Amino acid sequence: MYEGWQKVQAHLTRRLPNLTPEELQLKASPDGWPIWAAGEPPGRGRVYWLCGVFKEAGADATPFPDPLATEGWEDHLDVPRSSDELMFAMESSWLIVESCLNRWTPEMLGETFTRDYAGTITRHTRHSVLTRIVMHDSFHCGEVSLLLGMHGQPSLDPWVPLT
């Protein structure tokens, strides 16, 4: 069900280490997020949902040891992140995703978990959260791709074969 997700991950992790510090600072507008800030949320989102909400192990091996923290790197635009930091976030959080995908059975996907979000209790199934994370990853991959394209760089189209 989630085979395309690996393609997004592969394109991000293939491209991010090749971006220069200047390219990581590219923005759509003066007030917009730079590429490095748009590229961080997938890793943090994975850790938030899988470790924070579903209590999966692994957050301590990522740059996000407190999976329920309310602020991310993108909340501190005065502290630019390097391609190495982005790669660590993407690769370490992907290990958690892979672990879940390898262990969770189709029957487990319907299990419901609760989340206290600002005093409101919400319920989420594993399946709904996996879908949410896939969409979140894809959204930010598209955002990075658009920022690169706006500045004359090749896109991150996950459906173009890697060479």
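What follows describes the core, the helix packing and a few individual residues.

The model is predicted, so to speak of local features a pLDDT of at least 70 is needed, side-chain atom pairs count only at pLDDT 80 or more, and totals for chains, interfaces and linings use all residues. Residues are numbered from 1 along each chain as its sequence is written, and side-chain values use heavy atoms, with hydrogens and water left out.

A nonpolar core is here a set of buried Ala, Val, Leu, Ile, Met, Phe, Trp, Tyr and Cys residues joined through side-chain atoms within 4.5 Å, where buried means under 20% relative accessible area, exposed over 50%, and partly exposed in between, with a 1.4 Å probe and protein chains only. The largest such core holds 42 residues, and those with the most contacts inside it are Trp5, Leu12, Leu16, Ile35, Leu50, Phe54 and Trp104. Two or more residues are given to this core by each of α1 (3-15), α3 (35-39), α4 (41-53), α5 (83-103) and α6 (126-150); helices (H or I, at least four residues) and strands (E, at least two) are DSSP runs numbered from the N terminus. Contact means heavy atoms within 4.5 Å, and, leaving aside neighbours within four places in sequence, Phe54 is in contact with Trp49, Trp104, Phe113, His124, Thr125, Arg126 and Val129.

Helix α5 also contains Ser93, which is buried, with a relative accessible area of 0%. Outside the four places on either side in sequence, Ser93 is in contact with Gly43, Arg46, Val47, Thr62 and Phe88.

How do the helices pack? Two packed helices are described by the angle between their axes and the distance between the axes. Axes are lines fitted to C-alpha atoms, for helices over the stretch in contact, and angles run from 0 to 180 degrees between N-to-C directions. The axes of α1 and α5 come within 11 Å and cross at roughly 160°, which makes α1 roughly antiparallel to α5, given that angles under 35 degrees count as roughly parallel, over 145 as roughly antiparallel, 65 to 115 as roughly perpendicular and the rest as oblique. The contact is made by Trp5, Gln6, Gln9, Leu12 and Thr13 of α1 and by Met87, Met90, Glu91, Trp94, Val97, Glu98 and Leu101 of α5. These residues divide into seven nonpolar, three polar and two charged, with Ala, Val, Leu, Ile, Met, Phe, Trp, Tyr, Cys and Pro counted as nonpolar, Asp, Glu, Lys and Arg as charged, and the others, Gly among them, as polar.

The axes of α1 and α6 come within 10 Å and cross at roughly 35°. Here Trp5, Val8, Leu12 and Arg15 of α1 meet Leu130, Ile133, Val134, Asp137, Ser138, Cys141 and Leu148 of α6, a contact of eight nonpolar, one polar and two charged residues.

Most residues other than glycine have a negative phi. Lys55, in the loop between α4 and α5, has a positive phi near 65° and counts as exposed at 62% relative accessibility. Ala118, in the loop between β1 (112-117) and β2 (120-125), has a positive phi of about 55° although it is not a glycine, and is exposed, with a relative accessible area of 76%.

Finally, Trp159 lies in the segment after α6 and is exposed, with a relative accessible area of 56%. Its C-alpha atom is separated by 8.4 Å from that of Val8, 151 residues apart along the chain, and, not counting residues up to four places away in sequence, Trp159 touches Gly4 and Lys7.
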